[in-house]
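I opened the model to look at chain features strand by strand. These are my notes, in the order I checked things.

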Amino acid sequence: MGRSSKDKRDAYYRLAKEQGWRARSAFKLLQLNEQFNLFEGAKRVVDLCAAPGSWSQVLSRELLKNIDTSIAADEKPMIVAVDLQPMAPIDGVCTLQLDITHPNTLSIILSHFGNEPADLVVSDGAPDVTGLHDLDEYIQAQILLAAFNLAVCVLKPGGKFVAKIFRGRDVSLLYSQLRLMFRKVSCAKPRSSRASSIESFVVCEDFNPPSNFQPDLTKPLCVIDPTNAHEIAPFIACGDLDGYDADATYPVEINMKKATLDVIQPPTAPPYKRAIELKHSKMMS
Amino acid sequence: MLVEGDKGVLEPVNFVGPVTSLALIHNDKFLCCAQGPCLRIYDVSESRHESDLIKSILLPFHNRIHGMLPCKQGLFVWGGTYFAVVDVETSQVYYDRISDWIFNAAELGEENKFCVVTSKNQVHLLSLSKGSWEVTNTISCEKTPLLFCATVQISGNEIYIASASAFQQIYVWKFNYNNPPSCVSIDTYLVGHEGACFDLKFSSDGRYLCSVSEDRTLRLWSIESSPFLIATGFGHSARVWRCVFLPNKEIATVSEDLTLRLWTWNDKTLTNTYTYTGHRGKHIWSLVVSSANPIIYTGGNDGSVRSWDYKTRIQESCISVSSLFTSKTLLASFCFVKCQKLLCLAKNGEMSIIDNKGKKAIPALTTTSDMSIIRSWKNSFFVAAASNKGTIYVFSYQNTNLLKAIDLHRGKIQQLLTYQVKERYFLLSKSFVGKNQFRVYLQEFDFEADKVNLISTIELELPATFDPTSLTVDEEYSNFLIGSRTGSLALYNIGESNYLSVWRRIHEFDAISSIHIKSSKRDYLLIQTVGRDGYVNLFSIPRVEKSAVPQELCSKKCCDGILSGGLCKKLKNGKENQWVWGFHASNFFLRDETNETNVFFIDCGGSHRPWAFSMEMDIQSFASYRANQLYIYSTALNLLQRNSVLQNGLHGREIRAMDFNPSGDLLLSGSEDTKVTLLEFQSNGNIIPLNSVKFHNSGIQSLTWFSDDILFSTGGLEELNVYRLIQKPEAYLKRIVHEKLCKPNKSNKTYDGDLRITDISVVKATHLGERVLWINTVQSDSTIKAFTYNVDTKQLNCIKSWKYKTVCLVFAEAVIFGSHLLLVVASTDGNVAIWNTFWRDPQIEPLIIWIKTVHQFCVKSLNISRDQDVLTISTGGDDGAISRSILLLEQISENSVVVNSLHNYFFAEAHASSVTGVLSITKELLLSVSIDQRILLWKVEGDSLKPILERYTHVADVGGMIRNNDFLIIYGIGCEVFRLGSLR
């Protein structure tokens, strides 16, 4: 079976290698920032579901850019990256290997911020897509809500939350949940995300919890549908229309010298690692 | 609030897609198969000759069915937040929903009482009373992680739960349901998996738990004592989806790698003892094991359901050659005279028969020559043997006195081919006479009670380099066909030595193993050939017109390995079934090619060893010879029916394109699995696969049907294929055959990814000829191309090629306006442009005459409708919006067309996700469908569009929708059929 159009490597895959990003998803955050100015005034940032770390790379580069080295240490931007998977270190980023649904995670993150609330929380979390769409969409919604639950515990009023969202069957219900806490909720799609993907990013601005809201990480949120509401967030396309198109095919001159670049960061600990090692060692028939 | 329209409008009538759950009910007499919201029930009892679909129930779920459980009232079913009891006899459905995702369920001891375990690691106790449900209690576990799966089992008054988090832990907890606490602590933590778990199962005695995971392993756990991990099973090459305990310390698993695997465990090891293959596409999602019979049923992503006999094994016996004959002699040859009856011939003429009662010597041939070969006429008492000195012996093995010896060849006879039709017995014999030269005779015999009669002997004139390997006779027209070792086929008249015709490369340059005459007409023969190259080919070969070439109707690569024979037989239901057999590496295999199922494999060392095979519908036998030992294998039970397909599937991956033929009774579907399938669309909404072809190397991008018999498909790697619909009423159902592959022109550029032809539009080019078509294609590198295609000569020429920008083009639709061909093109930058292609003048560059940005992001669907000079362009976008542009076309001069906009309708937030299908019903009505799985009907009111009707579709990853006069089809992961009702 040949490769399908969904599986092919696109222009951003090659760009990511050239520019040193660990994954092509780096361009998505860059393009989202172009549209929403997410990094403006951000001093304390949490990156959830961070592995392999391309979003943390973006945060590190953009937030530390033009920072005067003479500024006192307590004034420098602080970035905390959280994932259950191990992650290779990144300059300027504190990496934590934690379960984002565990109640203790909250206090550990806040301790790195000197118990100050965060300005921005980002999450590029998605399950390894199983292909059974109901389960994929359910798990992704749960990951989003887990990130959301953590975000509302660490964000300051007026803060921002950006997360990957699968625009499938239950996407309206997720919008309803998010709108309870933020004054402005948009659905954004950067140019580096393919049109053939149901992936988008929900951008929540101006954190404004209800007065009776009590943060509690021990009670996970769930997708509920009491009113059959059909909430739809406004759509915003991000990125320059004249930039690379993730769906397009670009030519390469035959006579040009080709250089194969190494993978910036291979998977650190894939779940099938041991199965593959055994297979390669021919211990199995 | 949307207004509910007529109940008959957009009524769902059919769903074909992944088999998400299987269950057996009524003492395993009925198999329940869940696809989307559809529950199909098959009678799989032993008393039926073939499993029959007896009922189809559409559940009112807004989720697919994820699990099923036999219960006293019939079947307990759950999917997402929905659950129901289904009375399968009355088709009555009692359903309700809760706020949490249901992972698994169990029936309590009392009637109409169940428990479900949910995504919050909670158990809800449910009670059905007088047709309505009540949640009688809710019990929570102390831990509430993000779960991927859970399972539940009742033991006495206790409920046992195992739940697996996304973070590689399994929690085992339990409580007494008669007096449940509100919160339960965890009894046991099971740690060891290196990825998320997808299924958990308790053993029937409750002592063990098995789990499967994305780490590709099966793990067996003890929940009674430490260490909890008993064993780990490696073997699957992809994520494992389901597991089930079998009797006698066995476990079965199914996986993304399309295998069903059996495991046995001893002490601390799990061993993969057997692997079944046969599903196609990607993913086996579900399995269920019968307790009444040793059968496992599995369901695949393509919608197929298969059954596997996991207990019946091939019987093997081993006999020393020295024990067969009285003197010290060598084995010359052996053959089956019937299944389980092997006739062995020694070099000195001694013979012995081996059957299930043992071995038995029969009187030897009285000969002074070295014997070389023996062959039988199947299911008769007569055999033919040959010697190294050229003598042929035809005799009855029951009475070797009934013998005819014929001195015919001058040297060693290398091969005998036998064929029987009615009471006529044909024998082809071959001896080697020089380099690439053979002496071949065809003889005909008949047999009386007391003697063998030789009817005729003809020495055949062979075509050049023709080495016979197979023989078949057409008695109706007194013809016979011979296949050769180099893939050629020759036609003769019976009784004549000269060949009428010869055709080369029927199987390229590989041997033709068998020839089957499907149909014989005065002008042509319809034959099916099985080749050593692994292909089964269907040809129409001319009988009378010698200069005509055979028409290849179908060519199918069956397997890796070589094919050594094939058999076509009609089943009891009248359908014809095809089996093939051959060798792959050191294995002999038998394969049901119609259902694409391997029946069995035998490790015999390979095809170079002497072997024989015999097959009947109820038994098959294989024998091979190595190291002075004869190994005989047979299948005593009916594996052919047990390892079978109950339900055929559609596509193993997402359907990317579908199209009706002009009359609306046939469908084409194309998929990411690179196949194009022809489907019959019945008046009740049923979809029947007819045949499937695979000529693409990457996923299908678009399909279009032009007239009733010409079809086009496009894909990656610049692939454009042309097909023709073949309809021969006297022989077959309809099928499509391949006619043309357009290969890209060489250029100085290459592409790292695949260059995709994303859409195609075909119209008649009557100014170039009555049989000339004009084809426009759009590509992912922003190129638009124009071709001409001559239907008769099959010649495809590229006339024009031009570029838009650097974005990906996604849709193209041609409109003929006067003498102009206007092409509507949509792209990923959200633009729709109309080009004047100037198709009558190759020198003029195409020109954009109208362009509009209709979406912020990619245009995901396009629909064109026309009323004289008014063109309506409807689009759906990745931004969730829909638009409709009403345009007036005007030709102001011979070479100029202008477009004026009359009306623009736009609805920014029509859907919550990509709008992947729009369809104009009338001037005032528009349908849209989205990946949010909602179908909306829009009405033009004044200057705006208003939604007036909403429906839900169970098709995930919606790729589009099409219609015929009465039905709407939405496709993606599978497809769903709706009745249009008053919208028709």
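I started with strand β3 (residues 30–35) of chain B, which pairs with β4(B) in the antiparallel sense over 6 bridges. I noted that this is a predicted model. I picked out one pair: Cys33(B) has Arg40(B) in β4(B) as its bridge partner. Next I checked the turn. The hairpin of β3(B) and β4(B) has 2 residues between the strands, and Gly36(B) there takes a positive phi near 60°.

Is strand β4 of chain B buried or exposed? I found 6 of the 6 residues of β4 (residues 38–43) buried, so the strand is largely enclosed by the rest of the structure. I took buried as under 20% relative accessible area. I then sorted the side chains by direction. Cys38(B), Arg40(B) and Tyr42(B) point one way, while Leu39(B), Ile41(B) and Asp43(B) point the other way. Both sets are buried.

I moved on to another sheet in chain B. It is open, with 4 strands in the order β73-β74-β75-β76 and antiparallel pairing. Which strands stand at the edges? I found β73 (809–817) and β76 (847–853) there; each has a single partner strand, so one side of each is left without a neighbour in the sheet. I logged an average twist of 20° from one strand to the next.

Inside that sheet I looked at β74 (residues 820–827) and β75 (residues 831–836) of chain B, which run antiparallel and are joined by 5 bridges. Ala826(B) stands opposite Val832(B) in β75(B).

Last, I looked up the domains. The assignment for chain B gives domain 1 (14–97) and domain 2 (329–561). Their centres, taken over C-alpha atoms, are separated by 51 Å.

Notes: Residues are numbered from 1 along each chain as its sequence is written. Chains are lettered from A and ligands numbered from 1 in the order in which they are written. This is a predicted model: local features need pLDDT of at least 70, side-chain atom pairs count only at pLDDT 80 or more; totals for chains, interfaces and linings use all residues. Side-chain values use heavy atoms; hydrogens and water are left out. Domain bounds come from an automatic or database domain assignment. Two strands pair if DSSP finds at least two bridges between them. Axes are lines fitted to C-alpha atoms, for helices over the stretch in contact, and angles run from 0 to 180 degrees between N-to-C directions. Buried means under 20% relative accessible area, exposed over 50%, partly exposed in between (1.4 Å probe, protein chains only).
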